[in-house]
Amino acid sequence: MIEYVKYWKGDIKLDDVEILVRNLNKTYGNIKAVDSLDFLVKRTECLGLLGPNGAGKSTTMKTIYGVSVPDECQDTDISIFGFHPRKDALKIKALAGIVPQQDNLDSELNVKDNLAIYAKFYGISAQLARTRIEELLSFMELQDKAKARVQELSGGMQRRLTIARALINNPRLLILDEPTTGLDPQVRHLIWNKIRELQEKGVTILLSTHYMEEAFQICNRIIIMDKGKKILEGPPRELLAGSIEKYVMEIHSAQRGTRDYQSYCTEYGLRYECFQDTVFIYSNEAVALSVLGDQLPEHDYHIRPANLEDLFLKVTGRSLNELQ
Ligand code: ADP
């Protein structure tokens, strides 16, 4: 009999589930890092965990790849390809690639040898390893650096090497914990392209990020987390279309004109939020915002389409990039 499980919308076949997380909790002292988290990752999708620093993304990832033990709760269930992250760690390792938040390359070895040592660990024959390493160096655009030692590589190259290393066993699932944090925009775009290519080849991707643009660019579906809890889930475009107005006006240094915009918003039924010294006014009609702009000549303002940052502010009252 075919078994079905609850997906974010409707049900899916259990056979199509690569990662299942039910009632995941993790407490450090008096900090609830992950709080009653439920989600599934369907085969070949790219799911992003999005949230500010401290939201619980890394802790969630670590429990999935078995380096952190969740709290013991009666109905907690975590499985990857149907296996338990700790009891079946080797079976999972054989099928998955993991890119941790901190690159943990062997700095004494050169690029090629970092890959070769992993190939050995996976029991890949020397001949196959040579071919695979060439392919991966080319895929991650590191061919010119094959003989370079890790300490000679830039941060972006080290990240690309860590991703190449995670791909040595041709995994069907790739888990990336904040893959582009601290990297410059060019490297970030290169990594996004590679993740897209892998997904097109049928690799399932789970990644965590605090960059809304990253989530928007590469994820089919995102889970927005805050303080260990899931607060929103869905495809980024659907979330934006269904959960927030289309346009936002930002008024900077708005203190002086507080009464002007408040009375306008009240009169025209526009939602507004104040965050630090910026006021955000939301509307589905850009023209309603430009009319207001015309009435506030002394202010520095601009009107733009709403994004995930605005959505996060709407549901939590805080900024997505806010450090905690
Ligand atoms: P994120 O990856 O979203 O930035 P984390 O999962 O790293 O968030 O952290 C969630 C919360 O758990 C934070 O408050 C963090 O300080 C705390 N935390 C994470 N790891 C540990 C640890 N090993 N010991 C104590 N507290 C921790």
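Mentor: Start with one cut-off. A residue is buried when its relative accessible area is under 20%, exposed when that value is over 50%, and partly exposed in between. Keep in mind that this model is predicted.

Trainee: Why is E18 called buried?

Mentor: The relative accessible area of E18 is 1%. The limit is under 20%, so E18 counts as buried.

Trainee: What makes E18 and R172 a salt bridge?

Mentor: Their closest N and O atoms are 2.9 Å apart. The rule asks for a side-chain nitrogen of Lys or Arg within 4 Å of a carboxyl oxygen of Asp or Glu, so the pair qualifies. It joins distant parts of the chain: E18 sits in strand β3, R172 in the loop between α5 and β8, 154 residues apart.

Trainee: Why is R172 called partly exposed?

Mentor: R172 has 32% relative accessibility. That falls between the 20% and 50% limits, so R172 is partly exposed.

Trainee: How do you know that K112 and E134 form a salt bridge?

Mentor: The closest N and O atoms of K112 and E134 are 3.1 Å apart. The limit is within 4 Å, so this pair passes. K112 belongs to helix α3 and E134 to helix α4, so the pair ties together parts 22 residues apart in sequence.

Trainee: Are E245 and R271 buried or partly exposed?

Mentor: E245 has a relative accessible area of 17%, so it is buried. R271 is at 23%, so it counts as partly exposed. These two residues also form a salt bridge, with closest N and O atoms 2.9 Å apart.

Trainee: Why does R165 have no salt bridge?

Mentor: The nearest side chain of opposite charge is D103, 6.8 Å away. R165 lies in helix α5, and among the residues it touches are N104, L105 and Y118.

Trainee: How many salt bridges does the rule give?

Mentor: The count comes to 18. Some link up: E45, R221, K230 and E233 are joined in a network.

Methods:
Residues numbered from 1 in each chain as written. Predicted model: local features only at pLDDT ≥ 70, side-chain atom pairs only at ≥ 80, totals over all residues. Heavy atoms only, no water. Helix = DSSP H or I, 4+ residues; strand = E, 2+ residues; numbered from the N terminus. Buried < 20%, exposed > 50% of the residue type's maximum accessible area, 1.4 Å probe, protein only. Lys, Arg positive; Asp, Glu negative; His and termini not counted. Contact = heavy atoms within 4.5 Å. Lists of a residue's contacts leave out its neighbours within four places in sequence.
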